[in-house]
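Hi there,

Here is the structure I promised to pass on to you. Have a look at it first, and then read my notes below.

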Amino acid sequence: MKLRIALEWYLNPDHLPLIAARDRLRGDGLDVELVVPDDHYDGFVALADGAVELVVNEPLHLVEQRDLRLVSHGCFFATDGGVLMQRDALDRLAAGEGVRIASPVSNPTTDQLCRDILAGWLTQRGLAVDGGRIVIEPAGFAHVDNLVAGYDGAWLAFANVEGVSARVRGLDTEMVTTAEAGIPNFSALELIGAADASAEVREAIAMLVAALDVVTPELRDDPAMARALWYGASGEAPGAEGDAIVDASLPRFLAPVRPDVGMWRPMWRYLHARGGDVVDEATFEAMFA
């Protein structure tokens with residue numbers, strides 16, 4: 001059987017457990033395909049159309065309103081995340097000037113979260129908050145390249161990927177995290193499926209989860225093997241930046257992979273309380289049953 005998994009963006013070291021599980025499952029008769037999207041939400045469209053059987057994306061998008069009923073098959077990766085800012089742009093924001101933030105997508109819910117994080121940073125410094133000074137623009141997935149190109153910040157950025165990449169490249173940046181703003185964490189990757197998936201698809205997903213539970217400790221225990229796996233799968237030339245990102249990612253991988261409503265209930269409550277376009281409580285809880 002073929003199990004097609006739509007990624008949230010380009011292949012990166014966050015996906016190492018999926019790469020390792022894919023390789024292991026070839027011998028068990030399960031052909032796992034990792035599908036790289038053009039846009040951040042492509043996976044959910046593909047899941048609804050039957051073009052993929054599973055989506056990998058942040059839990060933030062798991063609870064957004066959609067016609068398709070979704071279920072969680074577990075979280076395999078969690079990190080610190082937020083808005084990766086040029087340090088001089090933070091100084092300008094504190095001085096009352098406007099900033100431009102690059103994002104893979106722009107919509108009211110995600111844009112407001114970005115503004116809330118930066119507003120929290122300002123509030124901690126006793127500064128006035130004016131969300132109108134924070135402009136979010138769709139600019140693709142390459143966060144650090146967007147900073148190099150002149151954006152003041154990039155969102156949603158992960159500490160183990162973009163935070164490390166910016167440091168290795170010598171950029172003067174600061175990661176303003178959700179934790180600093182008093183916002184529940186959602187910087188993670190969930191395995192998301194359709195609630196009406198067939199028994200055959202559910203069996204294939206269960207095989208994937210079982211493989212993840214085996215390969216994840218192996219990756220964490222053998223960084224050299226993990227780096228070699230990454231370079232082999234990505235075709236990227238070995239180098240200091242890739243090594244550093246892989247090494248920073250390994251402690252972030254989770255096993256066993258299981259649906260856990262408690263991980264994301266604070267996130268849902270925060271979004272719901274602020275009027276975000278999220279599912280109701282019963283629908284949210286049912287995703288993890």
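D247 and R227 meet through their side chains in a salt bridge, with 2.7 Å from N to O. Please keep in mind that this is a predicted model. D247 sits in helix 10 and R227 in helix 9 (residues 223-234), so this pair ties together parts of the chain that are 20 residues apart in sequence.

The structure holds 18 salt bridges. One of them joins R4 and E53, whose closest N and O atoms are 2.3 Å apart. R4 belongs to strand 1 (residues 2-6), while E53 is in the loop between helix 2 (42-49) and strand 3 (54-57), so parts 49 residues apart in sequence are tied together. R4 is partly exposed, with a relative accessible area of 24%, whereas E53 counts as buried at 12%. Another salt bridge runs between D213 and R258, with 2.8 Å between the closest N and O atoms. Here D213 in helix 8 is linked to R258 in the loop between helix 10 (240-249) and helix 11 (261-273), 45 residues apart.

Now for the nonpolar cores. The largest one has 87 residues, and those with the most contacts inside it include L16, M85, I101 and W155. Helix 8 (residues 199-221) gives the largest share of this core, nine residues. There is also a second, separate core of six residues, with L147 and M175 among them.

Five strands form an open sheet in the order 7-6-8-5-9, with mixed pairing. Strand 7 (134-138) and strand 9 (173-177) are the edge strands, each pairing on one side only. From one strand to the next, the twist averages 35 degrees. Strand 5 (residues 81-86) pairs with strand 9 in the antiparallel sense over five bridges, and V83 has V176 in strand 9 as its bridge partner. Helix 4 (residues 87-94) packs on this sheet, and its direction makes about 90 degrees with that of strand 5.

S165 is buried, with a relative accessible area of 4%. Beyond its neighbours within four places in sequence, S165 is in contact with V144, E241 and I245.

Enjoy exploring!

Terms used: Residues numbered from 1 in each chain as written. Predicted model: local features only at pLDDT ≥ 70, side-chain atom pairs only at ≥ 80, totals over all residues. Heavy atoms only, no water. Core = buried A, V, L, I, M, F, W, Y, C linked by side-chain atoms within 4.5 Å. Buried < 20%, exposed > 50% of the residue type's maximum accessible area, 1.4 Å probe, protein only. Helix = DSSP H or I, 4+ residues; strand = E, 2+ residues; numbered from the N terminus. Pairing = 2+ DSSP bridges. Axes fitted to C-alpha atoms, helices over the stretch in contact; angles between N-to-C directions. Contact = heavy atoms within 4.5 Å. Salt bridge = Lys/Arg side-chain N within 4 Å of Asp/Glu carboxyl O.
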